[in-house]
Amino acid sequence: MNQFFLREGIAERLVASFGERGAKWIGALVLAWLPGCVPLRAEAPPPERAVVQILVSSQVPVYDAPWRFTPVRRSSGTGFVIEGGRILTNAHVIAWAKQILVRRYQDPRLLPARVVYAGHDCDLAVLELEDPRELSDVKPLAFGDLPPVQSTVVTCGYPAGGDQMSFTRGVVSRIEVQPYAHPGNRALLAVQTDAAINPGNSGGPVLQDDKVVGVAFQGMPGLQNAGFFIPPEVVGHFLKDIADGRYDGFPQAGITFEPLQNPAYRRVLGLGDDGRGARVDSLRAGGPAAEVLRPDDVLVQVGGFPVGSDGMIPYRGNRVAAGVAFQQAQAGERLKLSLLRDGRPLEVEVRMESYTGDRLAGRQYDEPPRYLIHAGLIFTPLSANYLETVGQLGRDYLWEGLARLTYQLHHLEAEAPGSARPEAVVLAGLLPHPVNADFGVRGRLVVNRINGVRIERLEDVRRALLENQGARHLIEFDGPEQGPLEALDRAAASAAHADILRTYGIVSDQRL
Amino acid sequence: MKPVRLLLRVVVFVLASGTALLAQAGWENSVVTIEVTSKVYDAFQPWNDPTRAVRKHGLVIGPGEILTTAQNLPTHTLVRVQKGGRGRWYDARVTWWDAQTNLALLTAEAPAFWAGLRPAALAGTVARGPEFELIRWRDGNLEARRVEFGRFTVGEGVLGFAPHVQLEVATDLNGLGWCEPIVSEGRVLGLTTHSNGRVCGVLPATFIARVLAAQRAGGFTGLGYFDFTWQPGGNPELLKELGLDGPPRGAVVTQAGREKDPGAAPQARDLILEVDGFAIDSDGDYLDPDFGHLMLENLANRAHFAGERVKLKLRRDGVERTIDYVVPAARFADELVPRENFDAPPRYLVAGGLVFQPLAQPFLRGWGDEWRKYAPFRLQYYQFADAPDGRDSLVVLTGVLPDAINLGYQDAALTVLDRVNGRVIATLSDLAEALDNSSPGGVHRFEFMPGRDLQRLLLDAATLDEATRRVVEHYGLPAASRL
């Protein structure tokens with residue numbers, strides 16, 4: 001007698017009705033029929049037993065009042081049990097979580113969980129129940145391969161619109177590199193499907209033959225019947241990365257390459273019309289690729305993948321952006337590149353690094369913003385989160401101020417690396433008090449210098465204020481040339497500081 | 001204008017009016033309708049010259065003279081006028097227009113047009129309401145609707161960037177800004193220029209009168225502006241830091257203008273105490289005898305025009321001094337990204353299907369009413385940036401007309417040229433000259449501004465001219481360039 005019947009208690013009823021021989025005959029008929037309509041697992045439990053609902057209470061910092069958080073927000077997503085008794089889900093499901101509760105399949109209890117690893121760049125996270133024994137009877141889901149285009153997949157999760165687990169079926173529509181909305185400034189391999197993926201599905205498994213072939217993670221505004229899931233390659237990279245107990249992130253080489261399809265350009269670089277090679281257009285200053293590559297080198301092969309003149313590589317039956325070849329490596333590994341330089345073949349190795357220089361240009365999670373308050377002046381690093389908090393480009397009255405901040409955050413490093421700051425600092429706002437009431441500048445400006453010290457990072461603000469022995473603090477904004485400036489009586493500022501913190505209920509004047 | 005015709009028109013005019021001024025209501029004899037057909041810039045196909053027709057108002061202000069706003073007139077192809085709100089349209093001619101003041105003068109040759117028309121008087125003093133009337137022709141009938149006095153303010157004009165005084169009136173009327181006269185007690189207080197919700201902007205009559213008087217006398221050199229930037233001197237601690245005790249006052253210069261001679265222009269960290277004899281308060285305002293408190297920017301044009309000297313009393317390094325500052329002319333061409341270019345038809349150059357245009361705000365406005373939201377950020381940001389390498393204009397690759405020669409570049413666009421064949425590019429003429437030569441390998445090398453976008457592309461030099469001819473023919477362009 002198999003587990004299916006035992007679990008449901010049907011066998012006993014059949015024996016009672018038809019006798020043992022009759023019951024076996026009927027059971028054989030049902031078993032023969034079942035595979036055609038319901039997945040039957042003689043040994044394995046149904047995969048949905050490993051799928052959990054994740055209930056999250058979260059609070060997001062207020063970036064222009066960085067000691068403060070928004071009201072608690074409740075949301076839910078999906079996850080599934082993987083090897084090691086842990087739960088895999090999307091990073092965006094658990095971002096900024098204050099409390100995580102897990103609901104097992106058809107289990108009324110809420111089980112507290114915590115985040116073990118979060119890879120916000122690839123929107124994946126691993127959770128652990130506070131009592132891991134609660135998952136000891138759950139068979140973890142196994143991972144399959146990248147599903148072929150046109151093949152059928154089933155999503156499984158807890159989307160909005162009901163409380164019970166929901167299943168949707170669809171085909172793999174296409175496979176290519178897509179922007180990952182959660183970090184905002186990363187693009188990785190993703191699979192598009194017409195299976196419905198709705199809010200709440202996030203982090204749920206996408207199944208094919210009972211194996212996980214993806215993690216549902218995002219939709220795309222304006223597209224109908226299009227959801228996206230993270231393919232096994234990206235998930236595998238993440239899991240391999242954390243195997244050493246630390247998450248480094250997807251590495252980058254710092255190369256911008258362009259298709260090389262123009263006949264004149266190919267001729268000048270010594271290439272015929274054979275469809276080979278993409279052109280190195282620019283290299284990030286100080287990046288690892290800048291050590292071994294030059295602009296107009298032709299990338300012919302990356303990590304064993306031949307690069308086409310369209311800037312793409314063949315990848316498991318698909319044609320995807322050559323960046324995927326770089327994303328196969330882990331941080332710290334060396335990747336072999338085959339080049340043509342001045343028409344001559346060349347083999348080089350590039351050290352892959354986990355680049356954090358654009359960290360603030362993407363959305364940040366889980367680490368509350370750094371800040372420093374002095375005499376009611378609120379200083380915090382310029383970040384994408386801050387910009388999203390203070391306004392939206394396109395609104396005229398904010399336009400010029402926000403444009404300057406946007407340029408500093410997203411363009412200055414690439415255009416003038418010498419004048420970019422490692423961590424531009426903004427005056428986020430003022431806590432009104434007589435000592436600062438005459439300030440004309442009310443915030444939303446990059447701090448250029450304080451008391452003559454160029455502000456490269458938040459710690460410089462503290463140092464510049466502490467070390468000043470003059471009668472006043474002089475603060476210059478919006479460099480590199482002259483911009484607005486303000487001054488503060490040093491003694492009065494120090495005297496007012498504690499009173500301001502008390503008035504506005506601020507426990508700490510800094511988070512550095 | 002031929003003297004005989006002018007004389008005839010003046011005679012008709014005097015016979016019809018009997019007096020030079022309209023003493024009371026009777027605006028139907030002074031307010032006329034103007035129909036302007038003008039060329040509209042096509043941002044992505046600048047060789048096209050589509051047209052648009054609009055109707056606005058004009059004000060008869062003298063013999064053979066109609067005053068209106070300059071909007072829509074700089075690129076006009078046909079201007080007609082109509083009196084009485086209905087009936088025959090008469091051909092008209094633009095005799096003068098100025099974008100910075102947003103004013104224009106028209107005339108019509110046909111004596112019949114002028115019959116029965118009488119000049120309106122521009123108010124010589126400033127009125128503060130509380131209510132005025134707005135006059136407009138609507139469906140052949142003259143409307144007089146109440147509007148409320150709002151405030152006098154200083155801001156850029158609708159077409160230009162030279163700051164000047166403006167009147168704001170509050171109204172529930174929609175669709176204003178078509179040069180409707182604002183009137184009170186038989187005199188014109190101003191002409192509407194734009195509306196935004198319940199607020200309607202008005203050019204004050206006293207401002208108009210001063211400009212017209214100078215223009216008639218041949219002494220109008222254009223509006224000017226203060227090309228330095230400043231902030232209010234409201235922070236006493238900052239003033240102490242700059243060596244000034246006492247109550248907050250003045251404006252602190254934060255960035256010098258083009259004139260670097262400290263004896264002729266304010267420098268960063270100067271404190272401006274007086275402009276043209278008016279004390280500057282800690283908000284950066286002065287007390288105007290006519291309009292009340294206004295921003296100091298208005299003093300560039302209150303009693304001066306471009307090129308004239310304005311006395312600035314400064315505090316610099318703890319010492320007061322007075323300098324004669326020459327007010328620079330507000331010229332679109334002096335902006336790195338010009339707001340307008342009315343001097344010539346839209347310029348472009350097509351080379352092997354690559355379409356280049358000067359980077360200018362009209363191109364950015366090609367993204368529609370919400371262009372600030374949708375036009376490429378990096379292109380827009382040049383409006384706030386210093387010119388790279390000191391160049392005073394920029395050229396942008398605005399699109400690609402696909403052809404065999406530009407295969408592979410079909411997505412390359414919206415990026416600013418830096419060099420072509422090694423030559424720095426600031427204008428389309430620079431580009432045209434750079435293409436007279438080629439780079440090693442028999443190619444033209446186009447390099448773009450450093451940054452995150454495409455850095456360079458190459459085109460075959462030997463076949464470029466042939467390819468350009470092919471593109472011009474294939475896409476129906478009138479010419480490969482208009483420089």
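I began with the word contact: two residues are in contact if their C-beta atoms, placed from the backbone, lie within 7 Å. With that rule I looked at chain A, where 61% of the contacts between residues at least 6 apart in sequence join residues at least 24 apart.

I noted that this is a predicted model, in which local features need pLDDT of at least 70, side-chain atom pairs count only at pLDDT 80 or more, and totals for chains, interfaces and linings use all residues. Residues are numbered from 1 along each chain as its sequence is written, while chains are lettered from A and ligands numbered from 1 in the order in which they are written.

**Chain A, overall**

I looked up pLDDT, which is the predictor's confidence in each residue, from 0 to 100, and found a mean of 89 for chain A, with 89% of its residues at 70 or more. Over residues 1-42 of chain A, however, pLDDT stays under 50, and the model has 20 contacts beyond four places in sequence for this stretch. I then listed 12 helices and 28 strands in chain A, taking helices (H or I, at least four residues) and strands (E, at least two) as DSSP runs numbered from the N terminus. Of the 512 residues in chain A, 42% are buried, a word that requires 20 or more other C-beta atoms within 10 Å of the residue's own, all C-beta atoms being placed from the backbone.

**Strand 3 of chain A**

I followed strand 3 (residues 86-89), where Arg86(A) and Leu88(A) point one way, Ile87(A) and Thr89(A) point the other way, and all are buried. Strands pair here if DSSP finds at least two bridges between them. Strand 2 (residues 73-82) of chain A runs antiparallel to strand 3 and is joined to it by three bridges, and Ile82(A) has Arg86(A) as its bridge partner. The hairpin of these strands has three residues between them, and there Gly84(A) takes a positive phi near 90°. Strand 3 also pairs with strand 6 (residues 124-129) of chain A, in the antiparallel sense over three bridges, with Thr89(A) partnered by Ala125(A).

**Cores**

I took a nonpolar core to be a set of buried Ala, Val, Leu, Ile, Met, Phe, Trp, Tyr and Cys residues joined through C-beta atoms within 7 Å. The largest has 131 residues, and Val426(A) is one of those with the most contacts inside it. Leaving out residues up to four places away in sequence, I found that Val426(A) touches residues including Leu382(A), Tyr386(A) and Arg444(A). Apart from this core lies another of 123 residues, among them Leu88(A) and Leu428(B).

I counted nine helices and 29 strands in chain B, and buried residues make up 44% of its 483 residues. Six strands of chain B form a closed barrel in the order 1-2-3-6-5-4, with antiparallel pairing. Within chain B, strand 1 (residues 31-39) and strand 2 (residues 51-62) are joined by nine bridges, and Glu35(B) stands opposite Arg55(B).

Which residues build the contact between the chains? It takes 34 residues from chain B and 37 residues from chain A. On the side of chain B that touches chain A, helix 4 of chain B gives the most, with five residues.

Methods:
A residue is buried if 20 or more other C-beta atoms lie within 10 Å of its own, exposed if 12 or fewer, and partly exposed in between; C-beta atoms are placed from the backbone.
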